[in-house]
Amino acid sequence: MEEKTYKTMNGAGAMNIVLGIVTMVVGVTAGVLLLICGAKLLAGKTKILF
């Protein structure tokens, strides 16, 4: 019974590490894309005529 518990904890720990890494990568990617899009918007605002 204890062996099954250890295997379950091992699997859960590994999954948490994997999900943490994926979340960090997605977060960094989204942040970079937001910075790029924001910079393009600010650079292009001078071209708008009202």
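Trainee: What is the accessible surface of the protein chain, and what percentage of it belongs to carbon and sulfur atoms?

Mentor: Accessible areas come from the Shrake-Rupley method with a 1.4 Å probe, and for residues only the protein chains shown count as cover. Here the chain has an accessible surface of about 4900 Å², with 76% of that belonging to carbon and sulfur atoms. Bear in mind that this is a predicted model, in which local features need pLDDT of at least 70, side-chain atom pairs count only at pLDDT 80 or more, and totals for chains, interfaces and linings use all residues. Residues are numbered from 1 along each chain as its sequence is written, and side-chain values use heavy atoms, with hydrogens and water left out.

Trainee: How many helices and strands are in the protein chain?

Mentor: Helices (H or I, at least four residues) and strands (E, at least two) are DSSP runs, numbered from the N terminus. The protein chain has 1 helix and 0 strands, and its C-alpha atoms fill a box of roughly 75 × 15 × 5 Å along the principal axes.

Trainee: What percentage of the 50 residues count as buried?

Mentor: Buried means under 20% relative accessible area, exposed over 50%, and partly exposed in between (1.4 Å probe, protein chains only). Of the 50 residues in this chain, 0% count as buried.

Trainee: Which side chains meet in a salt bridge?

Mentor: A salt bridge is a side-chain nitrogen of Lys or Arg within 4 Å of a carboxyl oxygen of Asp or Glu. The structure holds 1 salt bridge, in which the side chains of glutamate 3 and lysine 7 meet at 3.5 Å, N to O. Both residues lie in helix H1 (residues 2–44), 4 residues apart, about one turn of the helix. Glutamate 3 is exposed at 54% relative accessible area, and lysine 7 is exposed at 58%.
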